[in-house]
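Good morning, and thank you for coming.

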Amino acid sequence: MTESTAFRAGFAAIVGRPNVGKSTLLNALMGEKLSIVTSRPQTTRHRVLGVLNRPGVQLAFVDTPGLHLGERRALNRAMNRTAAAALADADLVVFVVEALRFGEEDEAVLQRIRDSGREAIVVINKVDRVPQKDKLLPFTAELAGKHAFLDVVPVSAEKGVNLDRLVDVIAGHLPESPELFPPEQRTDRGEDFQITETIREKLTMELVEEVPYGIAVEIEKKEEVEGRLVIDAVIWVDREGQKPIVIGAKGSRLKRIGQKAREELNARMGKRLHLNLWVKVREDWADDARALAQLGME
Ligand SMILES: Nc1nc2c(ncn2[C@@H]2O[C@H](COP(=O)(O)OP(=O)(O)O)[C@@H](O)[C@H]2O)c(=O)[nH]1
Ligand SMILES: [Mg+2]
């Protein structure tokens, strides 16, 4: 007779410096886009939960904003606080780094992990960018020498390489526990979050030359009209000068953003959407704790 194995469940916090691929990893593990992804750092502002059920185990992944240095603005401090809180609550820390790149910002994140006293594994992401895989061996050894990680797992979140193994490794380190969420629950974020985040993603992708950080999206009104979901959303910018940049020549950029967001949301929500976007200025909202709270940032 085999020994009965108890059910496992727990929170795995995905942490790391900005842009290492944390949100891409969450989406790849979930097989579903829960968290927005762009090539720009500091895209993720909120904690995003993804719940994965496997036989005998429930994995609750928590995507977090990238922990970063230079906490000048209230927005940046709020993002770091969100990530630090997820770290403190984690049953297991999934520390994501980029293959062959470990710098000052990664070291600062690692220090926070050490300070938290939490068990951690390290995920080496973007291995698809390393043609000579033997180069990964000394890098892996270097990481292993920095901290007593429970495991080191190389993956490519984007290409889906080694993710099954990563799920097994994480599952193996979660505590014995009954389910934390009902099996049908995939995330803790609802439709409004999906809408505002998708708009912010398209906007961030459009602002290639400009800094997209002083931008937030808020739904003002949402109603069903003749089988269509009509949404009025405001894009908040924190300086008057950013308004024409977001709107573009004759409204072209705003139109493109709306179109891309609508197409993606139509497909994902299985609903027909009508999006009305406005750009409004709220001076220095990213430095204003009250404005941040109103926009859903703790
Ligand atoms: N080549 C490659 N790029 C990746 C991989 N994972 C993420 N990226 C890219 O890295 C950038 C940042 O990804 P994102 O998930 O937003 O990073 P985050 O800030 O850590 O959440 C995006 O341009 C992604 O497409 C990967 O496995 N391989
Ligand atoms: Mg992210």
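Predicted model: local features only at pLDDT ≥ 70, side-chain atom pairs only at ≥ 80, totals over all residues.

Which residues of H3 are buried? They are Glu105, Asp106, Val109, Leu110 and Ile113. These residues lie on the same side of H3, because they cover an arc of only 140° around the axis. As a reminder, an α-helix has 3.6 residues a turn, so residues three or four places apart point the same way. The cover over the buried residues of H3 includes strands E1 (8-15), E4 and E5 (120-125), together with helices H2 (74-88) and H4 (136-146). On the face turned away from that buried side, H3 carries the exposed residues Glu104, Glu107, Gln111 and Asp115.

I turn now to the backbone. Most residues other than glycine have a negative phi. Is Leu100 buried or partly exposed? Leu100 counts as partly exposed, because it has 15 C-beta neighbours inside 10 Å, and a residue needs 20 or more to be called buried.

Asp284 is another residue other than glycine with a positive phi, in this case near 55°. Its place is the loop between strand E9 (272-281) and helix H9 (289-294). With 13 C-beta neighbours inside 10 Å, Asp284 also counts as partly exposed.

Next, the overall division of the chain. The domain assignment gives domain 1 (8-173) and domain 2 (191-294). Their C-alpha centres lie 28 Å apart. Domain 1 brings 9 residues to the contact, and domain 2 brings 13. On the side of domain 1 that touches domain 2, 4 residues are nonpolar, 3 are polar and 2 are charged.

Finally, the ligand. How many residues surround ligand 1? There are 21, and the closest are Gly21, Lys22, Ser23, Thr24 and Glu158. By class, this shell has 12 polar, 5 charged and 4 nonpolar residues. Helix H1 (residues 22-30) provides the largest share of the shell, with 3 residues.

Thank you; I welcome your comments.

Methods. Residues numbered from 1 in each chain as written. Chains lettered and ligands numbered in written order. Buried ≥ 20, exposed ≤ 12 C-beta atoms within 10 Å, placed from the backbone. Helix = DSSP H or I, 4+ residues; strand = E, 2+ residues; numbered from the N terminus. Near = placed C-beta within 6 Å. Nonpolar A, V, L, I, M, F, W, Y, C, P; charged D, E, K, R; others polar. Domains from an automatic or database assignment. Contact = placed C-beta atoms within 7 Å. Arc of directions from axis to C-beta.
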